[in-house]
Amino acid sequence: MIDNLKAEIGEDIESAEQVGRELRLRVRPAALVACCRFCKERGYRYPADITAVDTGSEMRVVYRLVSLESGEHVVISVGVPRTGGSLPSVTGVFKGADWPEREVYDLFGVRFIGHPDLRRILLTDDWQGFPLLKTVPAQSK
Amino acid sequence: MSVGLTPTEQVILNMGPQHPSTHGVLRLRLTLDGEVVVGCDPVIGYLHRGMEKIAENRTYAQFIPYTDRLDYISSASNNEAFVLAVERIAGIEAPPRAQYLRVILLELNRIASHLVFVATFANDLAATTAFLYGFREREVIMDLFEMWTGARLTQSWIRIGGVGSDIPEGFEKKAHEFCRMLGPRLDEYDQLLTGNRIFRVRTEGVGVLPPEVGVDYACSGPTLRGSGVGFDLRRAEPYEVYSRLGFDVVTDTACDCMGRYRVRMEEMRQSVHIIEQCLDQLPEGEVQAKVPRALRPSAGEAYGRVESPRGEFACYVVSDGGTSPLRVRLRAPSFYHMAALPEMVRGWKMGDLVAILGSLDIVLGEIDR
């Protein structure tokens, strides 16, 4: 799997590591859609989750694709700037990516290029800011 | 004056957020052509409490009671997903007796949740008697929870490294009694509902979800198994002692509201079977592993996946070695099912929309978080 993926995607795979049943990939934004399509064609048809992690120093969007037949996971991490960041949308590959991408936009401010309907989902339309960024305090003092 | 086809125009209708058939504070922005739904835009977030942000400002143990407030119909599965993820990062394992007790608690929660489903789903279709039946049986489970944990809904009884307490004296006898009682009661439901002509007309062939579409939307649980996909995390990625217990993964190939209903009905019988096995196999011993008071798991991440009554409830926890998590992501099955709703209701009438929405068994607490 890793070798085939590297042969197809090439240098845009920054790192690949197998941890138990999880294949953890670090991928450049340019290869994200191709990588998701590659996985879907090989049985990873269930887009279990799309979310983001802001560590305070860097931010990444995390895609978890699962094969219901083999039970294997592929976890794709893509680095993205903490302000004004954008990534290509994978809604063209998975219908189930629509709402989670809206949520990542809503709470982290990442824009998904090519998303059919990118607007806030949990917060009100006139909300200012993106609350899950570490720059936003958890409690007002 | 000639009477031909009356020209109609599309109407936008607001349904909810205060509406008895939306099962909570859900708003649907519907586009109707006469009575037919041509567009559906779910508006969610009315119950958003910022749970994932709150988690970053609490210790690991402090966050457990918050998880009860996600899927409040079956709070133990939320506790379990979070605790599983934390135990995996911190390298903690609950003692065997605690693992069995967790499964008993989880399966009782599943039955309670499915009973609420049958009750409210029947009520949506105007079968009020079944509503009262469902809540009558559920009350016995609530009494069992109260006897064991002191709480009826938000138990918080699955703790890091174990459970809140051992089961009290007399619990096993009462649990056995409940297991023996439920089967015949479910047979009654079958007579009242499953074979009922009106119920069948309202559910058979309605709201078809093809299996490949369900997988593409990341649907799970009875919603996906009602479309014939045998995906159940208790079997696919067994946690606790599920790998030692015998049960069937229930599927139904109907792909409609009736299929999803039948899956849940049969799952209750399977849960009874699981609980009886747990009570029979229950080993002696501790119910809580030694866990440091101020838990500081080493830096890393873990994903805890649980088969909740609604489907895959998962918790993605990232630790930086501190006393609070760096990030907690709560993956709720109902969120993904709501996303698939617009495609499922297109072309059906308003009344069918109520049946289709009911058949997904959503809980807004976990959608909005």
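Visitor: At what angle do helix α4 and helix α11 of chain B pack?
Guide: In this predicted model, helix α4 (residues 96-124) of chain B and helix α11 (residues 257-281) of chain B pack at about 155 degrees, and their axes are 9 Å apart. An angle over 145 counts as roughly antiparallel, so that is how α4(B) lies relative to α11(B).

Visitor: Left-handed or right-handed crossing?
Guide: Left-handed, for α4(B) passing α11(B).

Visitor: Which residues make the contact?
Guide: On α4(B), they include B:Y100, B:I104, B:E107, B:L108, B:I111 and B:F121. On α11(B), B:Y261, B:R264, B:M268, B:I275 and B:Q281 are among them.

Visitor: And by class, what's in there?
Guide: The contact of α4(B) with α11(B) has 13 nonpolar, three polar and four charged residues.

Visitor: Why would residues three or four places apart on a helix point the same way?
Guide: An α-helix has 3.6 residues a turn, so residues with that spacing point the same way.

Visitor: OK, another pair. How do α12(B) and α13(B) cross?
Guide: Helix α12 (residues 333-345) and helix α13 (residues 350-360), both of chain B, have axes that come within 11 Å and cross at roughly 150 degrees. α12(B) and α13(B) are therefore roughly antiparallel too, and their crossing is right-handed.

Visitor: Which residues meet there?
Guide: From α12(B) you have B:H337, B:L341, B:M344 and B:V345; they meet B:L353, B:I356, B:L357 and B:L360 of α13(B). By class, that contact has seven nonpolar residues, one polar and no charged ones.

Visitor: Switching to α3(B). How far apart are its end C-alpha atoms?
Guide: They are 23 Å apart. Helix α3 of chain B has 16 residues (75-90), which at 1.5 Å a residue should span 22 Å, so the two values agree.

Visitor: Is that helix buried or exposed?
Guide: Buried: 15 of the 16 residues of α3(B) are, so the rest of the structure largely encloses it.

Visitor: What comes just after α3(B)?
Guide: B:G91, which takes a positive phi of about 65 degrees.

Visitor: Last topic, the two chains. How many residues are in contact?
Guide: 22 residues of chain A are in contact with 28 of chain B.

Visitor: Which elements of chain A give two or more residues to that side?
Guide: β3 (46-54) and α3 (98-108) of chain A. β3(A) gives the most, with six residues.

Visitor: And the classes on that side of chain A?
Guide: The side of chain A that touches chain B has 13 nonpolar, five polar and four charged residues.

Definitions and conventions:
Residues numbered from 1 in each chain as written. Chains lettered and ligands numbered in written order. Predicted model: local features only at pLDDT ≥ 70, side-chain atom pairs only at ≥ 80, totals over all residues. Helix = DSSP H or I, 4+ residues; strand = E, 2+ residues; numbered from the N terminus. Expected span 1.5 Å × (residues − 1). Buried ≥ 20, exposed ≤ 12 C-beta atoms within 10 Å, placed from the backbone. Contact = placed C-beta atoms within 7 Å. Nonpolar A, V, L, I, M, F, W, Y, C, P; charged D, E, K, R; others polar. Axes fitted to C-alpha atoms, helices over the stretch in contact; angles between N-to-C directions. Parallel < 35°, antiparallel > 145°, perpendicular 65-115°, else oblique. Left-handed = near helix turned anticlockwise from the far one by under 90°.
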